[in-house]
Amino acid sequence: MLLDLAEILKVEPSMLTEGAEAALIASLREAASTTRGSTAELDRVDEFAGRFPGWARLLAEARGRIETLERSVETLSDRLAHDPQLAEALHEMLSTVTAIRSAASILNEPEEIDPDWQRRFHRNIHEDSARLAESSRSLVSYLEAEGKAASESGTPQEEVTAIFEGEGYHFPALEAGQAPEALAAELEADLSDNARALLLRALRTYAEDAAALPLAAVLEAVAAEGADPLALVRRLGCDPARAMRRLAALPAGAPCGPVGLAVCDASGALTFRKPLPEFPVPRFGADCPLWPLFPALSRPMTVLSRRVQFAGRQGGAVRAFAVAQPASLPQANRDPIFEAHMMFTPEGSARGGEETEQVGVTCRICARSGCPARREPSLLGDVAERGP
Amino acid sequence: MSKHVLLIEDEPNIIEAISFILSREGLAVETHSDGTTANEKLRGAHPDLLILDVMLPGKSGYDILRELRADPATAALPVLMLTARGQSRDREMAEREGVSAFMSKPFANSEMLDTVRSLLNGPPGNA
């Protein structure tokens, strides 16, 4: 309902739940606190956003753009330091330049040089300059090919997420049994090579899930029992992670309401995100360790079910289910590689006596005070403490 | 007797240029291009100075340096390392392994000569 409304009004769903103002003010606070030596009047941020909404939005957008660009720079410098192909190409160029420089300065000296040596160094310089031309050409074409992906700011993961988002996280073609390779070929036109590989992997998983748990059966189950992955496990006999993925892939308007999903690998890096207005999953940066997603990793194979709410928000609680299970097939004497899934749906008032876990998006914009998992101080003025 | 320099480097035209400028200084220069057999070569050659490239086929200059420092016969040998990556991380690794001097490519011939001369004359006060 809310999502439909947001769609019709062409606004971010969070604006309807939180008000445009709150999202804007949070961005402004973040901009102020991440700028070294900022003298912005944080105590008057409401007034600023209220009196100059246009300027305030511009500032918040510029801040978002800077974050994206910083990310690109980080990616690029990472590449400089770690990309073996680039290191190899630069090494080749520097070696050639060294030889040319050395030989050229020998020839350039006023001292007499034996004509034989002179010829040799002339020939070396000639050969090396041809090599240099060749290696610089290949370096340029390598950088051009790679540059496209990096300039989009996006990690390959982000490109894939954008596609899923664009398709509403639901692929009727795969539900109807189309091969994931064929669909990937249709969708991947503008993607970088890395993103193509990730997209194909994600679509294959989707197709396997759809084949194991046909849409009609899942819809029937949620109509009876709501978005409960364990009910799906009981009815259809699948593992809980697959049940969660399947629930998060239902078409808009499914009887159980919207279902969000976050998947992370064993290092905690998010590999899939489907946020809900009630539960934003940030694109960059570190998330909140209190999300059930992360405790699940320390309790492998146990399905956690928690009522979770973002600290400082009015309402907007979700029911979150999380499980960590091996992502790889078992191998003798090898520890399995785990991954964790967390599925969440909006939930009304609390069930009898259950506590609601107060979580955050990320520490800097979290209002929870006395948080045992706080990593860095919050920007939210007096609401939150300034440190653990 | 002229001083003896062993140059371990895999780039033929760099070998030629360095050999030329050092020979002209009156040094006896011997060269070797393979990383895996570098330490063997070194034990047979007894040089007064080793010029060692970091990126060699078969074995890295850091490994060669570590091994020669562990051998009492070459533990005190002056070693000049050449690298195409002048990053502080590389310098730090070389220093940890006990390099005597470190030079990043592309270097000037005069730089090379100055460094070689000062290494052959030993550290100041020790000459």
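Start at A:Leu247. Beyond its neighbours within four places in sequence, A:Leu247 is in contact with A:Ala227, A:Pro229, A:Leu232, A:Val259 and A:Met343. Contact means C-beta atoms, placed from the backbone, within 7 Å. This is a predicted model: local features need pLDDT of at least 70, side-chain atom pairs count only at pLDDT 80 or more, and totals for chains, interfaces and linings use all residues. Residues are numbered from 1 along each chain as its sequence is written, with chains lettered from A and ligands numbered from 1 in the order in which they are written.

The largest nonpolar core has 71 residues, and A:Leu247, A:Met342 and A:Met343 have the most contacts inside it. Such a core is a set of buried Ala, Val, Leu, Ile, Met, Phe, Trp, Tyr and Cys residues joined through C-beta atoms within 7 Å; buried means 20 or more other C-beta atoms within 10 Å of a residue's own. Select helix α11 (residues 193-212) of chain A: this helix gives the most to the core, eight residues. Helices are DSSP runs of H or I, at least four residues, numbered from the N terminus. Domain 1 (12-79) and domain 3 (254-388) of chain A each supply at least three residues to this core.

Now pick A:Ala99, B:Val29, B:Met55 and B:Ala84. They are among the members of a second, separate core of 40 residues.

Turn to the interface. Here 15 residues of chain B are in contact with 15 residues of chain A. On the chain B side, helix α1 (residues 12-24) gives the largest share, seven residues.

Finally, colour chain A by pLDDT, the predictor's confidence in each residue, from 0 to 100. The mean is 84, and 87% of residues reach 70 or more. Over residues 383-388 of chain A, pLDDT is below 50.

Technical notes
Two residues are in contact if their C-beta atoms, placed from the backbone, lie within 7 Å. Helices (H or I, at least four residues) and strands (E, at least two) are DSSP runs, numbered from the N terminus. A residue is buried if 20 or more other C-beta atoms lie within 10 Å of its own, exposed if 12 or fewer, and partly exposed in between; C-beta atoms are placed from the backbone. Domain bounds come from an automatic or database domain assignment.
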